[in-house]
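Hello,

Here is the structure I said I would pass on. My notes on it follow below.

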Amino acid sequence: AYNLLDNLLHWALLQTKQSYFEITSMRLFFIVEQVSYNYKPLLLDKNIVLENTVIKKDIIDADQESLKIILRNLLDNAIKFSNENGSIKIYSRHTTDNFCDLIIEDNGLGMSENTRLELLKDTTLLSKKENEAIIGTGLGMQLVKQMIQKNKGKFNIESELGKGTKMIVSLPKTATDG
């Protein structure tokens with residue numbers, strides 16, 4: 001309930017252009033550590049192992065509060081759609097000179113190609129889910145996509161039904177002198 005209210009508030013602030021937003025340089029690893037710490041009880045409840053192997057030297061340009069909202073929603077979904085005794089890996093990789101990819105990977109339920117494509121659409125609130133037993137409004141994903149866009153980032157999903165999901169957030173790297 002708290003996450004839903006928090007998402008509604010931030011979504012409303014975004015829509016009315018009233019949210020405070022400041023892009024600064026930050027170490028990605030420590031933000032992931034900070035956000036994931038709050039999920040320990042949920043992880044323990046489902047006996048899910050969380051592994052953060054984000055490269056400690058990775059420095060990105062983003063708004064810290066919106067990055068936390070992105071992480072909270074993606075981690076919340078990874079836990080929600082994971083089976084008991086599952087695992088979640090959060091790691092970074094560098095596929096271009098200008099962006100750092102943050103990957104939240106679970107070995108949970110996964111999704112069909114149709115659902116994956118629907119989630120990537122700009123305005124889609126997913127009304128029909130493949131797993132009706134799992135509660136969700138779709139607002140979190142809308143907020144994630146808008147926050148990533150506002151941070152000048154990119155978003156992608158890799159998934160296979162029954163085999164898990166990778167949520168990929170590409171954020172601008174901090175430019176280095178030289």
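A residue is called buried here when its relative accessible area is under 20%. By that cut-off strand E7 (164–172) is mostly covered, with 8 of its 9 residues buried. Please keep in mind throughout that this is a predicted model.

Overall layout

The chain has 6 helices and 7 strands. Along the sequence they follow the pattern α-β-α-α-β-β-α-β-β-α-α-β-β. Of the 178 residues in the chain, 44% are buried. Taking the contacts between residues at least 6 apart in sequence, 73% join residues at least 24 apart.

The sheet

An open sheet is formed by 5 strands, in the order E2-E4-E5-E7-E6, and its pairing is mixed. Strand E2 (49–53) and strand E6 (154–160) are at the edges; each has a single partner strand, so one side of each has no neighbour in the sheet. From one strand to the next, the twist averages 15°. As background, strands of a sheet pair through backbone hydrogen bonds, which may be parallel or antiparallel.

- Strand E4 (residues 87–93) and strand E5 (residues 99–106) run antiparallel and are joined by 6 bridges. Here Lys 89 has Glu 105 in E5 as its bridge partner.
- E5 and E7 are also antiparallel, paired over 8 bridges. Cys 100 stands opposite Leu 171 in E7.
- E6 and E7 pair in the antiparallel sense over 7 bridges. The bridge partner of Asn 156 is Ile 168 in E7.

E6 and E7 form a hairpin, with 3 residues between them. In its turn, Gly 162 has a positive phi of about 85°.

The helices

What does H6 lie across? Helix H6 lies across E6 and E7, and runs at about 140° to E6.

H6 (residues 139–150) also packs with helix H4 (residues 64–80), at an angle of about 145° and with the axes 9 Å apart. The crossing of these two helices is left-handed. On the H4 side the contact is made by Ser 66, Ile 69, Ile 70, Asn 73, Leu 74 and Asn 77. On the H6 side it is made by Gly 140, Met 141, Leu 143, Val 144, Met 147 and Ile 148. By class, this contact has 8 nonpolar residues, 4 polar ones and no charged ones.

In helix H5 (residues 113–120), the buried residues are Thr 115, Arg 116 and Leu 119. Seen down the axis of H5, they fall within an arc of 100°, so they line one face of the helix. These buried residues of H5 pack against H6 and E6.

Helix H2 (residues 28–37) has Leu 28, Phe 29, Ile 31, Val 32, Val 35 and Ser 36 buried. They are on the same side of H2, because they cover an arc of only 165° around its axis.

Two residues to look at

Arg 27 lies in strand E1 (residues 23–27). Is Arg 27 buried or partly exposed? Its relative accessible area is 38%, and Arg 27 therefore counts as partly exposed. Leaving aside neighbours within four places in sequence, Arg 27 is in contact with Lys 56, Lys 57, Asp 58 and Ile 59. For one of these, Lys 57, the separation from Arg 27 is 30 residues in sequence and 6.8 Å in space, C-alpha to C-alpha.

Asp 58, another of those contacts, is found in the loop between E2 and strand E3 (59–63). Its relative accessibility is 6%, so Asp 58 counts as buried. Not counting residues up to four places away in sequence, Asp 58 touches Met 26, Arg 27, Leu 28, Ser 92, His 94 and Cys 100. One of these, Cys 100, is the residue that stands opposite Leu 171 in E7. Another, Leu 28, is among the buried residues of H2. The C-alpha atoms of Asp 58 and Arg 93 are separated by 9.2 Å, with the two residues 35 apart along the chain.

Regards

Methods. Residues are numbered from 1 along each chain as its sequence is written. This is a predicted model: local features need pLDDT of at least 70, side-chain atom pairs count only at pLDDT 80 or more; totals for chains, interfaces and linings use all residues. Side-chain values use heavy atoms; hydrogens and water are left out. Axes are lines fitted to C-alpha atoms, for helices over the stretch in contact, and angles run from 0 to 180 degrees between N-to-C directions. Helices (H or I, at least four residues) and strands (E, at least two) are DSSP runs, numbered from the N terminus. A crossing is left-handed if the near helix is turned anticlockwise from the far one by less than a right angle, and right-handed if clockwise. Contact means heavy atoms within 4.5 Å. Ala, Val, Leu, Ile, Met, Phe, Trp, Tyr, Cys and Pro count as nonpolar, Asp, Glu, Lys and Arg as charged, and the others, Gly among them, as polar. Two strands pair if DSSP finds at least two bridges between them. Buried means under 20% relative accessible area, exposed over 50%, partly exposed in between (1.4 Å probe, protein chains only). The arc is that of the directions from the helix axis to the C-beta atoms.
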